Amino acid sequence: QRLRDISQLGGVYYVFPAAASKRFEHSLGVAHLARTFIEQIRANQPGLGITDEEALCIELAGLCHDLGHGPFSHTFDGRVLPSLGAPSTFCHEHASVQIFELLIESNGLRPEFAKYGLDDSKIQLIKELILGDEDEAIGLEDFKWIGLEPRKAFLYDIVANKRNGIDVDKMDYFQRDSLMLNIPCSFDCNRLMKFASVYPVRSGEEGEKEEEMRTQICFHVKEAWNCFEMYHTRHSLYKRAYLHKVSNAIDI
């Protein structure tokens, strides 16, 4: 509920008054896309053995991935935290994991989670899905990365893809911000998800067996242009809005 009061675009709102969306609705959107994506993969590739509990973990990670954002979104990370002496490795994802833990402990939610088959290992999975990669856990106090087996590693690609950046977090805010800023966006996330499949991918190590290969979410070659458009949308939003000189001056 705190995210209802935190602007999605921080100081950009002072330059583009229509850009008034909040982190709350973005979190709902990411949760929705996360569930949509995992269910699409599940329906197309039942052999992957995706469980109801894993699908719920993906959805909850999408819902909670931005809990750690402070006032004025990224301005808090970039300007305020360093001035307070926060370590350089600290990021809002770390705060998201810590606030998620706090919500569970202070509200006594473990029995409620258990009703849906979410034990401590699944709560750990949600935290790891929020971080996206073991390297992102560096500097997070009292947190030990456990990780998934290679055949389930593709689950890390959905909410916070640190491998290539194509994840439902970006899918939501690219479309949401383009709409609020009236900046054209020709990227189609629903089509991209539709033509996604999971495959084991070689790491390049000699003697690697197929069962040892890490699985990844891959996209049909005909979606190459759609991927290009996603990165182009990102570039356009940064150049025209996120890094707007007046917005940055206001942030400072």
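Reader: Where does G165 lie?

Author: In this predicted model, G165 sits in the loop that joins α7 (156-159) to α8 (168-181).

Reader: Is G165 buried or exposed?

Author: The general idea is a cut-off: a residue under 20% relative accessible area is called buried. G165 has 10% relative accessibility, so G165 counts as buried.

Reader: Which residues is G165 in contact with, once its neighbours within four places in sequence are left aside?

Author: A contact needs heavy atoms within 4.5 Å. On that basis G165 touches K170 and M230. As for Y231, it is 66 residues from G165 along the chain, and the two C-alpha atoms are 9.2 Å apart.

Reader: Now P71. Where is P71 found?

Author: P71 belongs to the loop between α2 (52-64) and α3 (74-83). Its relative accessibility is 45%, and P71 therefore counts as partly exposed. That class runs between the buried limit of 20% and the exposed limit of 50%. With neighbours within four places in sequence left aside, P71 is in contact with I6 and F76.

Reader: Which residues of α1 are buried?

Author: They are R23, F24, H26, S27, G29, V30, A31, L33, A34, F37, I38 and I41.

Reader: How many helices and strands are there in the chain?

Author: The chain has 11 helices and 2 strands. Read from the N terminus, the order is α-α-α-α-α-α-α-α-α-β-β-α-α.

Reader: What radius of gyration would a compact globule with 252 residues have?

Author: The rule gives a value near 18 Å, and the chain has 19 Å, which agrees. Along the principal axes, the C-alpha atoms fill a box of roughly 55 × 45 × 35 Å. Of the 252 residues, 46% count as buried.

Reader: What share of the contacts with a separation of 6 or more comes from residues 24 or more positions apart?

Author: Such pairs account for 68% of those contacts.

Reader: How many positive and negative side chains does the chain have?

Author: There are 28 positive and 38 negative side chains, and the centres of the two sets are 5 Å apart. The accessible surface is about 13300 Å², and carbon and sulfur atoms hold 54% of it.

Key: Residues are numbered from 1 along each chain as its sequence is written. This is a predicted model: local features need pLDDT of at least 70, side-chain atom pairs count only at pLDDT 80 or more; totals for chains, interfaces and linings use all residues. Side-chain values use heavy atoms; hydrogens and water are left out. Buried means under 20% relative accessible area, exposed over 50%, partly exposed in between (1.4 Å probe, protein chains only). Helices (H or I, at least four residues) and strands (E, at least two) are DSSP runs, numbered from the N terminus. The radius of gyration is taken over C-alpha atoms; the globule rule is 2.2 Å times the number of residues to the power 0.38. Accessible areas come from the Shrake-Rupley method with a 1.4 Å probe; for residues, only the protein chains shown count as cover. Lys and Arg count as positive and Asp and Glu as negative; His and the chain ends are not counted. The place of a charge is taken as NZ of Lys, CZ of Arg, CG of Asp or CD of Glu.
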